[in-house]
Amino acid sequence: MTAHAIEMRELSKRFGGGRSLFGKPRHTIDAVKSVSLDLRRGETLALVGESGSGKSTLARMLVGLETPTSGSFAIGGRDASGLRRDGPRAFGKMIQYVFQDPVASLNPRKTVRDILESPLALLNGYAPSRRRVRMQELLDAVQMPADTLERYPHEFSGGQAQRIAIARALAADAQILVLDEPVSALDVSVQAQVLLLLRDLKTRFGLSYLVISHDLAVIEAISDRVAVMYFGEIVETAPADRLFADPEHAYTQRLVASAPRIRRE
Ligand code: ADP
Ligand code: MG
């Protein structure tokens, strides 16, 4: 297969518009404006930009949670409109979304067993015995003990909950993960551990990552390439080291200059 993991062509999303109940025109927000961007296979591509620049909207389109207003994209060489026609599970088999707030992203009324078992049953169609083996493998992969399965999300710390959320994403056997601010809700000491885990999982399972972050230290730690988003548009794309050493766009220059931990003298 030669296709990139994700290929976006002039992808746009507009919110609002039309008229309100009383006929007043509603204002529109162009959250994502004509984005053309590829995620290469095996790559970690960071999407950086300030709050409200459209990062989550772009990510939500890619995992099928939001429909583009115009433009197109393909996941693993398969056009999104085709995936949509194949039903709600087609996206989940190709691409998984890991949310910013790990505790909130896990159903508080379900045990970890239920949380991990449903993608194994629904997306992969595994029989019960195979699910048991696979759940053990997933817990090993994210370095959580076996008794995790019988517990509830609130019993875990933020870092542990994010490991469980990552295991759930891996359970789908998708090759592509979209990680939306995966460590920003965690303590700095825990952030490093989760980033190391993500790096290890990527090599082990041959994954491709689109990582959204506003934290340049996080981006520098894990990404191969960086795309900078500004008011819905990608204004600059560069290899991570080049971007930090020599930012081109005025917004990127300000971003790099305002990150003291990694500022280059
Ligand atoms: P980011 O993730 O970069 O902070 P978002 O994608 O969440 O940015 O938001 C981009 C813009 O789109 C913001 O102006 C936001 O208010 C708007 N937006 C996001 N989701 C919706 C929605 N469902 N309805 C209306 N506006 C939205
Ligand atoms: Mg966001």
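Q: In β7, which residue is the bridge partner of isoleucine 95?
A: Two strands pair if DSSP finds at least two bridges between them. Strands are DSSP runs (E, at least two residues) and helices are too (H or I, at least four), numbered from the N terminus. Here isoleucine 95 has isoleucine 176 as its partner in β7. The model is predicted: local features need pLDDT of at least 70, side-chain atom pairs count only at pLDDT 80 or more, and totals for chains, interfaces and linings use all residues. Residues are numbered from 1 along each chain as its sequence is written.

Q: How many bridges join strand β6 to β7?
A: Four, and β6 (residues 95-98) runs parallel to β7. β7 also pairs with strand β8 (residues 208-212), again in the parallel sense, over five bridges. There, leucine 179 has valine 211 of β8 as its bridge partner.

Q: Through which helix does the chain cross from β7 to β8?
A: A crossover is right-handed if, with the strands pointing away from the viewer, the path from the first strand over the helix to the second runs clockwise. The chain passes through helix α8 (residues 188-205), and this β-α-β crossover is right-handed.

Q: Why is strand β7 largely enclosed by the rest of the structure?
A: Buried means under 20% relative accessible area, exposed over 50%, partly exposed in between (1.4 Å probe, protein chains only). In β7 (residues 176-180), five of the five residues are buried, so the strand is largely enclosed. Both faces are covered. Ile176, Val178 and Asp180 lie on one side, Leu177 and Leu179 on the other.

Conventions:
Chains lettered and ligands numbered in written order. Heavy atoms only, no water.
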